[in-house]
Amino acid sequence: MSLLKVDGLRAYYKTEMYGISRMVRAIDDVSLELQPNEIYGVAGESSCGKTTLIKVLSGTIKPPLKIQGGSVKYQFKSSGVDMADVSHEEMQRNIRWKEISYVMQGSMSVLNPVRRVVKTFEDIISTHEGIPNHREFLERTREHVKKLGLPPDVLNSFPHELSGGMRQRVAIALATVFQPSLIIADEPTTALDVVVQRGVLQLLKEIQGQSKNTVLLVTHDMAVHANVADRVAIMYAGRLVEEAPTEIIFQRPSHPYTRHLINSLPVIGDKSSKSGLEGTPPNLANPPDGCRFHPRCPKAMEICKTEVPVMQDLGNGHRSACHLITGGKESSNG
Ligand code: SF4
């Protein structure tokens, strides 16, 4: 059974300025499923809807963001949860941290700069389980950080005394203290240098392997997905355009946008210059008709300008939304 089923999700920002209202269609008809015990990567450039998707899946929606349609349903170990029915209190008390936790870019947002790390652990544990017995709490917390390979004295440090990589490891330790069903990792290594990045990703992968939970890894960095994810979904302009097991996405990408993302990855020894995509991602307040990628797509056909391509099942867990799969003629963009 899937851990998470997202069906036809639409989430828009409604803004009003000088009497003119605008609807920014950040997520527009996205369907996906997350399985227990997997690392599911979501990739795509800035403004493709990745951050909005995280907000919806983690239940942190605030106006002007509003769900316009579709559903988000979880099947946790203890119960099934329809996010449309969950109150803010229920979310805070029983779901956030315990079932769904969050590792974001820049760990300082979760660590209190004026409190030692151990106090942040205490704050989180006491919020969800009541004031802990101090000795048991310390034993449990020390054991937890030790299991993750962190030095125990990290607990007595203030966040500013730790390196960026160590702070991010502490953020991962906090996110896993209740063994949640889902860890959402939002660009967890973007601010780190490559060597530190590798260590943090390794830790995330090890924890997932031990706990057999699910990690939703959101990053624009395709190289990170290649190293860590079991499956990868590609988003463009608020829509999912392709999804497949990682090996298939990198070896047999079907969608022209996915091909572009993969072809722009640097290859050791390849000195040829990489050509970028023409144009910029569309304004989601007024997205193009048909396939939203058509103004930039080197393979665009007439049909792409008017008809939204439907997600097609290509077998082996591979699906892609492109008119090329079903045939057609190329237009002047080509
Ligand atoms: Fe390109 Fe058309 Fe496929 Fe969109 S549907 S990616 S425009 S070929």
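## Strand pairing around strand 3

Two strands count as paired if DSSP finds at least two bridges between them. The model described here is predicted. Strand 3, residues 39-43, pairs with strand 9 in the parallel sense, over 4 bridges. Within this pairing, Ala-43 stands opposite Ile-234 of strand 9, and Gly-41 has Val-232 as its bridge partner in strand 9. Strand 3 is also joined to strand 8, residues 214-218, by 4 bridges, and these two strands run parallel.

Strand 3 is largely enclosed by the rest of the structure, because 5 of its 5 residues are buried. In a regular strand, side chains alternate between the two faces of the sheet. In strand 3 both faces are covered: Ile-39, Gly-41 and Ala-43 are buried on one side, and Tyr-40 and Val-42 are buried on the other.

Strand 9 spans residues 231-236 and is mostly covered, with 6 of its 6 residues buried. One side carries Arg-231, Ala-233 and Met-235, the other Val-232, Ile-234 and Tyr-236, and all of these residues are buried.

Besides its parallel pairing with strand 3, strand 9 pairs with strand 10, residues 239-245, in the antiparallel sense over 6 bridges. Met-235 stands opposite Leu-240 of strand 10. Strands 9 and 10 form a hairpin with 2 residues between them, and in the turn Ala-237 has a positive phi of about 50°.

How many cavities of 30 Å³ or more does a search of the whole structure find? The search finds 2.

The largest cavity is the space taken by the ligand. Around the ligand there are 13 residues, of which the closest are Cys-291, Cys-297, Cys-304, Cys-322 and His-323. The shell around the ligand is made up of 9 nonpolar, 3 polar and 1 charged residues.

## The second largest cavity

About 40 Å³ of space lies in the second largest cavity. The residues that line it are His-144, Lys-147, Leu-148, Gln-179, Ile-207, Gln-210 and Ser-211. By class, the lining has 2 nonpolar, 4 polar and 1 charged residues.

Helix 4 (134-147) and helix 6 (194-211) each supply at least two residues of the lining of this cavity. Helix 6 gives the most, with 3 residues.

Tyr-74 lies in strand 4, residues 65-75. Its relative accessibility is 2%, so Tyr-74 counts as buried. From C-alpha to C-alpha, Tyr-74 and Ile-124 are 23 Å apart in space, with a sequence separation of 50 residues.

Ile-95 is found in helix 2, residues 88-95. Ile-95 counts as buried because its relative accessibility is 2%, where the cut-off for buried is under 20%. In sequence, Ile-95 and Phe-76 are 19 residues apart; in space, their C-alpha atoms are 9.5 Å apart.

## Backbone details

The peptide bond from Pro-63 to Pro-64 is cis, and its omega is near 10°. Pro-64 has its place in the loop between helix 1 (50-57) and strand 4.

Asp-29 has a phi near 65°, a positive value in a residue other than glycine. Asp-29 lies in strand 2, residues 20-34. Is Asp-29 buried or exposed? At 51% relative accessibility, Asp-29 counts as exposed, since exposed means over 50%. Ser-47 is not a glycine either, but has a positive phi of about 65°. The loop between strand 3 and helix 1 contains Ser-47. Ser-47 counts as exposed because its relative accessibility is 61%.

Definitions and conventions. Residues numbered from 1 in each chain as written. Predicted model: local features only at pLDDT ≥ 70, side-chain atom pairs only at ≥ 80, totals over all residues. Heavy atoms only, no water. Buried < 20%, exposed > 50% of the residue type's maximum accessible area, 1.4 Å probe, protein only. 1 Å grid on protein atoms, 1.4 Å probe; cavity = no way out; pocket = protein on both sides within 12 Å on 5 of 7 lines; lining within 4 Å. Points joined across faces, edges and corners; volume = space filled by probe spheres on them. Nonpolar A, V, L, I, M, F, W, Y, C, P; charged D, E, K, R; others polar. Near = heavy atom within 4 Å. Sits in = over half its atoms within 2 Å of the grid points.
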